[in-house]
Amino acid sequence: MSIRSLGAKIRNALLQKSNAPLPPLDLYNLEGTVNIHSSSAYRDSRYFARFEPTYEDFKNNLELLVDSNTSTNFYKYGDGDYYFLKGEENGSARPGKRALSKSYSEIDLPRFQEESRKMDHYLCEIPDDDRIRFAETFPDKIISFPAEYSYGVVASRWIFKNFAKDIGIIGADKKIDLIEQLLKYPEYRNYLGLGNETPDLIRIPQKFACDDLDSTIDKVSKQIIGSRKKIFILGVGHVKSGLLTALVNIHPAVYLDVGSGIDALAGVIDIRRPYFGGWTNFKLPNSDKYIEIDYLQVDNPGKIFYLKEVTE
Amino acid sequence: MKTKANLAVVFLSVLVKSKGKSRQFRIKQYAQAISQLSKWLTDCDIILVENTGFMDQYPRTNPLHECMVKHNILSLPANTGLRNKGLGELEMFAAASEALPFENWKNILYITGRQFHITPYAIEKALNIESGLLVSNPSFTFVDGNTFQPGTQNQWNDMFFAGDSSTMNSYLEHYKKNAFRLEKLGLSSEELLWDFTTQENIRIQVLPALGLLRSQGKNPRRLSDWHVI
């Protein structure tokens, strides 16, 4: 480890300990976003050359794919997927935690592993740890784009402004419930840049969607068949490893895994997650729905927009 | 649901260093001021922007909270804000424009929250701007008979001003471009507003007075600190 990166790590550890805000980073910029994530990779220019130009390529690709109504998927790989696909009980991949209630021996893990190797595009964050894990999980696959791009298109709201008529959202039912309520407010719609367009909202069970993959696919199929939307962003946890390949055959569209981007849309994201440093979390008035949400860690909600109760 | 024609951005910094009775008085004062202000803001959406963590950290059983939840609130992290109050408000104004893109409204009103609007005069003028900015640089008339005239003419009062949304967006751009001058050269937010109108040749309408009652000192119970602008 270089002195520079060791220094950055110590500094970040101290800042996190004091809960002080990290300064916005000036490397790896994605237009319209702020990144205050603590990873030293975001402070080291050697991790990814041509980060910004390749982001433009990524967005151009999305535009072409949506314009041609191509059916394809973008699978975002992270450390949780590493443990899940290995059948290791760790974090979100631990039985009983979020993705599954059964033990790994009771679910069809080989099917998830097999389907995960059939994705059209793979996204992975730029820090080394993630890329090393990716190479171990998928030794014969290449990373198509940094996973940060999928955060960037949501955090900047570019994806809503560009595909307002064509976009749908797939996520955990409780979070989609929140998004559905939030979409009733013009303030929220204007923030996203949706105007009067309404995205299709597709729900999956918030918990244990991996227990019975066929059942989850069936639930999504019933909601998505007949949709006219050409691009869906999704954050569905580990079930994506089995779901994404099915989706492209159920309804022709671009399926872009944005992970915690769905939390941002539901107003429950921690702004220290990569590229969400400038995000505004919108909150419904007097809603008891938040206690039903399976929160990821939200120690730093950042800017919060409390919507007023509508009386008229 | 539709938005109204205009948007009022109202700034609050509730949990400053005051404690005990002084803090309670401040909270009550804000509550009364916001309540009074909202009566005049017809055909106007209101966004309250708070930057001391009041909404998240303070018990909700207080008159200000009850008053605030009737409006949209943008709560900024408690550590948000620069040293200077005027600059802090500009930072809050930028955050408001990010959350509520101004182009969705005809006119945008910029209002410091802890002051009493004793007449709708300035607000009515603001709601009827056709283009450019409504500004002022009025004298302060204290209730004990003293008068204070702002020392320099190269400034516009920024406790209250307004403009069409395009001009207000341009002002934000001007602020972002010149933020370093504000910090390094000690330029005030009032001077920045003047800078903007002169450098960008903005069409302005100047009000002789604002009709605001406010207290300048740290002890709002001291009558001699109260004045009309």
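Chain B has a mean pLDDT of 88, and 95% of its residues reach 70 or more; pLDDT is the predictor's confidence in each residue, from 0 to 100. This is a predicted model, in which local features need pLDDT of at least 70, side-chain atom pairs count only at pLDDT 80 or more, and totals for chains, interfaces and linings use all residues. Residues are numbered from 1 along each chain as its sequence is written, while chains are lettered from A and ligands numbered from 1 in the order in which they are written. For the complex, the predictor gives an ipTM of 0.88 and a pTM of 0.87.

**Where the chains meet**

- Chain B brings 20 residues to the contact and chain A brings 17 residues; two residues are in contact if their C-beta atoms, placed from the backbone, lie within 7 Å.
- On the side of chain B that touches chain A, the elements giving two or more residues are β3 (72-75) and α4 (85-99) of chain B. Helices (H or I, at least four residues) and strands (E, at least two) are DSSP runs, numbered from the N terminus.
- β3(B) gives the most to this side of chain B, with four residues.
- Sorted by class, this side of chain B has eleven nonpolar, six polar and three charged residues. Here Ala, Val, Leu, Ile, Met, Phe, Trp, Tyr, Cys and Pro count as nonpolar, Asp, Glu, Lys and Arg as charged, and the others, Gly among them, as polar.
- A strand pairing also links the chains: β9 (residues 303-306) of chain A and β3(B) pair in the antiparallel sense over three bridges. Two strands pair if DSSP finds at least two bridges between them.
- Within that pairing, Tyr306(A) has Ile73(B) as its bridge partner in β3(B).

- In β6 (residues 231-235) of chain A, five of its five residues are buried. A residue is buried if 20 or more other C-beta atoms lie within 10 Å of its own, exposed if 12 or fewer, and partly exposed in between, with C-beta atoms placed from the backbone.
- Both faces of β6(A) are covered, with Ile231(A), Ile233(A) and Gly235(A) on one side and Phe232(A) and Leu234(A) on the other.
- β4 (residues 167-172) of chain A runs parallel to β6(A), joined by five bridges, and Ile170(A) has Leu234(A) as its bridge partner in β6(A).
- β6(A) also pairs in the parallel sense with β7 (residues 254-257) of chain A, over four bridges.
- Which residue in β7(A) is the bridge partner of Ile231(A)? The partner of Ile231(A) is Val254(A), while Phe232(A) stands opposite Tyr255(A).

**Strand β7 of chain A**

- β6(A), helix α11 (residues 240-250) of chain A and β7(A) make a right-handed β-α-β unit. Right-handed means that, with the strands pointing away from the viewer, the path from the first strand over the helix to the second runs clockwise.
- Both faces of β7(A) are covered: Val254(A) and Leu256(A) are buried on one side, and Tyr255(A) and Asp257(A) are buried on the other.
- β1 (residues 72-77) of chain A runs parallel to β7(A), joined by three bridges, and Thr72(A) stands opposite Val254(A).
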